[in-house]
Every structure is written in C-alpha cells, then in structure tokens.
Amino acid sequence: MKSLVLPFLFIITLVSCKQQAAPKNEAPNAVEIVNKAIEVSGGDRIKTSTIHFQFRDKKYKAVRDGGAFSLERSFLDSIGNIRDVLSNSGFERYVNGESIQVADSIARLYGNAVNSVHYFSILPMGLNDAAVYKTYLDTVSIKDTPYYKVKVTFSEENGGDDFDDVFVYWFTTEDYKLDYLAYQFHVNGGGVRFREAYNERYINGIRFVDYHNYKPKNKDVNIETIDALFKEDKLQLLSKIELENVRVD
C-alpha cells in the first residue's frame, strides 16, 4: 500500500497547487473542493495538535506544530517494547527505551507503515501537499447523496516510494465531508480498495471516521468507476478500519 505522500515531509505546511478556480458554469474546481473538505474536517486545528489513538494492536501518537511533526507507533513484541518515530529528522526505532540502528531499507519500510496509518487518520488533510495533483472527475450519487468525485495522483519527484498509486475521493456536495475513498496500489501484486466512512465523530474540533474496507473480485477494475460496483453490491468486505480511544490535546 502506498506510503501516501511524502513519507518524511507529510505534515510540512500545505502548499497550494497552481490550478485556478474555475469560472461559473464550468466544472467544479478540485482544489476548492479539497480546501473546503480540509476546513470542515479540522483544518488548522490539525496542524497544531497532539492526537492519540489505537489501531488494532498498536498505539499511535502524532504531534504537529506547523511544519514540525513527530509521528509515533508503539507496541509490544517478542523483544520488548517497540516505539517507532517518524519526524522531520527521519526515522528512529526504540527498543525498551533505547535507540537502535536499523538498515536504511528497513527504516523506510517502518517509516512508511507509520506514516500510512497517521495519514489515513486525518484525511483529507495532506491532499494539498506539493506533490499532489487533483482532478475533478464528476458529480455522482451514492445512496441518494450527491458527491464531488476527485482523482488524486502524485509527481515522481517528492511523491514518495509509491508515487504511481492513484486515489479517488468522494466529497458530499452539501458540506464537503469525505465519505468514500478508493486507491489503486502496486506493491505485493497490486490491487484496488474502496473505503466507506462510518462512525463520524468530532473530537476537539477534528473529524474522525472509521471505514469499511472493500475489495473488488477483479483487481484490474477501473478505479474511476469502482463506485458503480459498490452501488451494485459487487464489492467484498475485507476488513474494518477502526480508530479506538481517540484523544486530541
């Protein structure tokens, strides 16, 4: 799965794309849609926050202060208490409180895993990073609710290890909340996933959701039309993505 937008630069100050607002009577502008979605989901509150949560058997902590960030996960395994930290300085692993050396390839792997969970936890924050290209696709209806459908791709330069991954996001036309997303990845044989948000809650002004995580029967489906398969009940529920014990300081 994608390391998801600049593994070591993820929370750096958001940079606006060069796209300009579309004149009236033209298609909605993807940049404006994402800007409003970020605002309704917490916006600047996220950029200066400390967020704690648990995901499956690991605990996560994210400290953000403008361009400075520290993303952590901690868990217990056979060698003791593990704490992985991804920050502006790079990746560090601690075992029982002591920093240990890890090979660059392993550090990249662990760092991407840490970043991925934190990235999904605060979407759509992150979709205005410099390496992100956004394209409005269509306005569609899912479960009688209209959505703006936006495609996201990444530049090879500063686009992370998996810059060739593709994402599609569905934002409500009424309040710009992110309710669905899909992504196409190429690692481990590749595939496509579709996520449906549920259990929306606001904690100290920041929106959090959980997801039903689906996959199609055929991994070669067109990601831009996967919502049609969802509406026809042709996707298989693979897992649930649930954030527990969320706290915002």
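Reading salt bridges, a helix and nonpolar cores

Q: How exposed is Lys143?
A: Lys143 is exposed, with a relative accessible area of 57%, where exposed means over 50%, buried under 20% and partly exposed in between, computed with a 1.4 Å probe on protein chains only. This is a predicted model, in which local features need pLDDT of at least 70 and side-chain atom pairs count only at pLDDT 80 or more, while totals for chains, interfaces and linings use all residues. Residues are numbered from 1 along each chain as its sequence is written, and side-chain values use heavy atoms, with hydrogens and water left out.

Q: Which residue forms a salt bridge with Lys143?
A: A salt bridge is a side-chain nitrogen of Lys or Arg within 4 Å of a carboxyl oxygen of Asp or Glu. Here the partner of Lys143 is Glu196, with the closest N and O atoms 2.7 Å apart, and Glu196 counts as buried at 10% relative accessibility.

Q: Why does this pair tie together parts that are 53 residues apart in sequence?
A: Helices (H or I, at least four residues) and strands (E, at least two) are DSSP runs, numbered from the N terminus. Because Glu196 lies in strand 11 (residues 191-203) and Lys143 in the loop between strand 7 (132-142) and strand 8 (145-154), the pair joins parts of the chain 53 residues apart.

Q: How many salt bridges are found in the whole structure?
A: The search finds 14, including one between Lys151 and Glu224, at 2.8 Å from N to O. That pair links distant parts of the chain, with Lys151 in strand 8 and Glu224 in the loop between strand 12 (206-216) and helix 4 (226-231), 73 residues apart.

Q: What span should helix 3 have?
A: The expected span of a helix is 1.5 Å times one less than its number of residues. For the 18 residues of helix 3 (residues 104-121) this gives 26 Å, which agrees with its end C-alpha atoms being 26 Å apart. Among the buried residues of helix 3 are Ala107, Val114 and Phe120.

Q: Which residues touch the most other members of the largest nonpolar core?
A: In soluble globular proteins, nonpolar side chains tend to be buried together. A nonpolar core is a set of buried Ala, Val, Leu, Ile, Met, Phe, Trp, Tyr and Cys residues joined through side-chain atoms within 4.5 Å. The largest has 41 residues, of which Phe53, Leu123, Tyr169, Phe171, Leu181 and Phe208 touch the most other members, and helix 1 (residues 30-40) gives the most to this core, with five residues.
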